[in-house]
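Me: I am new to this structure. Please take a close look at one part, the interface between chains, and describe it plainly.

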Amino acid sequence: MNFNLTLIGQMISFGVFVWFTMTYVWTPIVKALSDRKAKIAEGLAAAERGHQEKSLGEQRAQEVLNTAKAQATEILSQAQKRAGEIVEESKVDARSEGQRLIAAAQAEIERETNRAREELREKVATLAVAAAEKILKKEIDVRAHQSLVDDFARQI
Amino acid sequence: MSTAETLTAQGYIQHHLTNLTLGVHPEHGLSFAHNAQGAAEMGFWAINVDTMFFSILLGWLFVRFFRGVAEKASVGIPGAAQNFAEWIVEFIDENVRGSFTGKNPLVAPLALTIFVWVFMMNLMDLIPVDLLPWLFGQSMAIFGADPHHVFLRVVPTTDPNTTFALALVVFGMVLYYSFKMKGVGGFLGELSLQPFGVWGMPANLILEGISLLSKPVSLALRLFGNMYAGEMIFILIALMFGGGWALGLTAGALQFVWAVFHILIITLQAFIFMVLTVVYLDMAHQTHH
């Protein structure tokens, strides 16, 4: 066991290594470790929050979906109702239109009949005059017997 | 062993237990010691070049590796090196938290340095005992040195200079923090007033003084003794290699078994040194006595 200057040398080296470790090694590594710990804790908390938000969102989506479904059902039933009404209305319209057309046609027929009758009446009057002329074989004053002819024609 | 053939067993062991000492010899002047006696004659003002070289090399590797990790330390996913360094740092941090109750930013880095550095110095013991000394002797022979007088001890912790240096630094810290935390009166009171009270002061002083002084001595001698004995057994096993193939095979098996067992010892000794340092510093920081 020779003690010599090595003892002092080793003490100095030891001191330098301890100083270096304390100043340049320990702090950054421990800091990285604690930072990572914090980061992991943060990540876990964020994941937990995300999980909660997800379930909340799902709940909200379900609510929106339910509302939409109800609205759709309502709209559908309204539309069906409206369609029925429209069909009903058009049936009524068609019926009245038909009746109107029938009435118009009947009126037209009436008018045509009257016109034909009038025409016929005039033609019969002329024919009657001509026939009377022939029958009487004498000139009759048309103007003098006009009222007679008219009377006759009206009786046809 | 090629050099061992010409040596006696005693010479072989002696050769392995002699440091490469540089110093001023009373007769040869500034030179490397030719033998253990020559190293002793150089007195205190000589230096064990091998011990210094290997301990500083290993310490340099240690701080370089950890500094490299610390520089690139990322909060994100750590790489392999960072993982390894963080594993050690957390292990040390846990131990220091467990046994050190005070607040001192020096203690944990000190514990890390002791554990890793001592472990690395002890680890040198697992390199085959003849390999590095033989290579060194052969390469020095190129420069004209006699390989029989070129010594090299590769395990710095088998040199009591190393273990006592560590223990003395720790002891200095124990004294410094004892005075700082307890105050001069508090510390002297602790040394002189217990366990027997004021009237037992001389007995107290003797008991507490021995207990105080035994701390660095036991720290240094425990590490030195374990490593020295371990190295000695490797040397003795290595001696058997020269005794024919049967003895050589036995020696190979023994060396393997002892090396495996030694892995436990070197780790344990580094750990014990670290834990005791932390415990002693914790005692120095306690003020409630």
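Reply: Helices here are DSSP runs of H or I with at least four residues, strands are runs of E with at least two, and both are numbered from the N terminus. The model is a predicted one. By that count chain B has nine helices and three strands. Along the sequence of chain B their order is α-β-β-α-β-α-α-α-α-α-α-α. The C-alpha trace of chain B spans about 65 × 55 × 40 Å along its principal axes.

Now the interface. On one side, 30 residues of chain A take part, in contact with 53 residues of chain B. Together the two chains bury about 3,600 Å², and 77% of this lies on carbon and sulfur atoms. On the chain A side, the most area is lost by A:Phe14, A:Phe17 and A:Trp26, which together give 21% of what that side buries.

One part of the interface is a pair of helices. Two packed helices are described by the angle between their axes and the distance between the axes.

Side chains of opposite charge can pair when their charged atoms come close. Between chain A and chain B there is one salt bridge. The pair is A:Arg36 and B:Glu86, with the closest N and O atoms 2.8 Å apart. Across the interface, 13 residue pairs are in polar contact. The side of chain A that touches chain B is made up of 19 nonpolar, seven polar and four charged residues.

For context, the whole structure holds 15 salt bridges over all chains. One of the salt bridges joins A:Arg82 to A:Glu85, with closest N and O atoms 3.0 Å apart. A:Arg82 and A:Glu85 are three residues apart in helix H1 of chain A, so about one helical turn separates them.

How values were computed: Residues are numbered from 1 along each chain as its sequence is written. Chains are lettered from A and ligands numbered from 1 in the order in which they are written. This is a predicted model: local features need pLDDT of at least 70, side-chain atom pairs count only at pLDDT 80 or more; totals for chains, interfaces and linings use all residues. Side-chain values use heavy atoms; hydrogens and water are left out. Contact means heavy atoms within 4.5 Å. Buried area is the accessible area (1.4 Å probe) that two parts lose on being put together, summed over both. A salt bridge is a side-chain nitrogen of Lys or Arg within 4 Å of a carboxyl oxygen of Asp or Glu. A polar contact is a pair of N or O atoms within 3.5 Å; within protein, one must be able to donate a hydrogen and the other to accept it, and residues adjacent in sequence count only if both atoms are side-chain atoms. Ala, Val, Leu, Ile, Met, Phe, Trp, Tyr, Cys and Pro count as nonpolar, Asp, Glu, Lys and Arg as charged, and the others, Gly among them, as polar.
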